[in-house]
Amino acid sequence: NAATGSATADVELQRGDGAGVDVGRDASHAQFIGCVFTGTNHGILNQGGASFCVVDGCEFYNFAGGTDTAIAYGTATSVALPLQWQIKNSVFFNNVRHIVHPFSSATIYGNTFGFIGSTITTTIIYDATSGKNNSIWNNKVQCASDAGGITAAVVLGTADSWGPQFYTDV
């Protein structure tokens with residue numbers, strides 16, 4: 001990753017609103033299979049609500065700066081909430097924030113979420129503030145279910161379901 005600057009990413013998804021210079025721009029249906037994302041700022045940054053994307057068998061690590069995020073949502077929320085993403089079978093390790101994204105009807109399953117990394121402790125595993133109707137299940141969370149900070153590290157959207165998850169103590 002050679003990304004620099006506050007809004008850069010390994011991959012930035014765009015979705016235009018059909019007006020002005022954004023006519024026809026739509027990264028919906030993008031698929032990331034077996035990719036490795038590392039560096040600073042963001043691994044995948046979704047601007048504008050690209051929907052129906054798949055992340056499968058990928059690795060996200062060393063997004064270790066204060067607001068670095070493996071999968072993030074940008075400030076362009078005027079088009080749509082990102083609909084029906086699938087994030088599965090992927091590994092998130094040594095990131096300050098793993099997923100901060102207001103998905104709608106997404107499924108997130110079969111992933112491994114590190115909590116205590118080699119240089120940082122994850123502050124956010126999943127934050128879907130303003131999102132809704134997501135299912136997050138059968139993920140491995142590499143800490144005890146009562147580890148300090150773990151409750152604050154998960155922020156569900158409206159009507160999200162969280163569980164079952166696998167922790168080191170259960």
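Student: Which residues touch the most other members of the largest nonpolar core?

Tutor: Keep in mind that this is a predicted model. Phe-60 and Trp-85 touch the most other members, in a core of 33 residues. Strands β7 (69–73) and β13 each supply at least two residues of this core.

Student: What makes Phe-60 buried?

Tutor: Its relative accessibility is 1%. Buried means under 20%. So Phe-60 counts as buried. Its contacts beyond four places in sequence include Phe-37, Ile-44, Val-55, Ala-70 and Ile-71.

Student: Why is the pair of Phe-37 and Phe-60 called stacked?

Tutor: Take the two values in turn. The ring centres are 4.7 Å apart, and the cut-off for a pair is 6.5 Å. The planes meet at 5°, and stacked requires under 30 degrees. Both tests pass, so the pair is stacked. Phe-37 is in strand β3 (residues 36–38) and Phe-60 is in strand β6 (residues 59–61), 23 residues apart. Phe-37 is buried too, at 3% relative accessibility.

Student: How do you know that Phe-92 and Phe-113 are stacked?

Tutor: The centres are 5.0 Å apart, with 25° between the planes. The limits are 6.5 Å for pairing and 30 degrees for stacking. Both values fall under them, so the label is stacked. Phe-92 lies in strand β9 (residues 91–93) and Phe-113 in strand β12, so the pair ties together parts that are 21 residues apart in sequence. Phe-92 is buried at 0%, and Phe-113 is buried at 1%.

Student: Which residues do ring pairs link into a cluster?

Tutor: Phe-32, Phe-37, Phe-60, Phe-92 and Phe-113. The structure holds 7 aromatic pairs.

Student: Why is Cys-58 in no disulfide?

Tutor: The nearest cysteine sulfur, that of Cys-35, is 4.6 Å away. A disulfide needs the sulfur atoms within 2.5 Å. The structure holds 0 disulfides. Cys-58 is buried, at 1% relative accessible area.

Student: What makes Thr-122 buried?

Tutor: Its relative accessible area is 3%. The cut-off is 20%, so Thr-122 is buried. Thr-122 lies in the loop between β12 and β13.

Student: How do you know that Thr-122 and His-98 make a polar contact?

Tutor: Their side chains are joined at 3.4 Å. The limit is 3.5 Å, so the label of polar contact holds. The side chain of Thr-122 also reaches the backbone oxygen of Asn-95, at 2.8 Å. The C-alpha atoms of Thr-122 and Arg-97 are separated by 5.9 Å, although these residues are 25 apart along the chain.

Student: What makes β10 and β13 a pair of strands?

Tutor: They are joined by 3 bridges. A pair needs at least two, so β10 and β13 pair. They run parallel. Arg-97 stands opposite Ile-124 in β13.

Student: Why are β1 and β16 called edge strands?

Tutor: The order is β1-β4-β7-β10-β13-β16, in an open sheet of 6 strands with parallel pairing. β1 (9–14) and β16 (154–155) each pair on one side only, and they are the edge strands.

Methods:
Residues are numbered from 1 along each chain as its sequence is written. This is a predicted model: local features need pLDDT of at least 70, side-chain atom pairs count only at pLDDT 80 or more; totals for chains, interfaces and linings use all residues. Side-chain values use heavy atoms; hydrogens and water are left out. Helices (H or I, at least four residues) and strands (E, at least two) are DSSP runs, numbered from the N terminus. Buried means under 20% relative accessible area, exposed over 50%, partly exposed in between (1.4 Å probe, protein chains only). A polar contact is a pair of N or O atoms within 3.5 Å; within protein, one must be able to donate a hydrogen and the other to accept it, and residues adjacent in sequence count only if both atoms are side-chain atoms. A nonpolar core is a set of buried Ala, Val, Leu, Ile, Met, Phe, Trp, Tyr and Cys residues joined through side-chain atoms within 4.5 Å. Contact means heavy atoms within 4.5 Å. Rings of Phe, Tyr and Trp (its six-membered ring) pair if their centres lie within 6.5 Å; planes under 30 degrees apart count as stacked, over 60 as edge-to-face and the rest as tilted.
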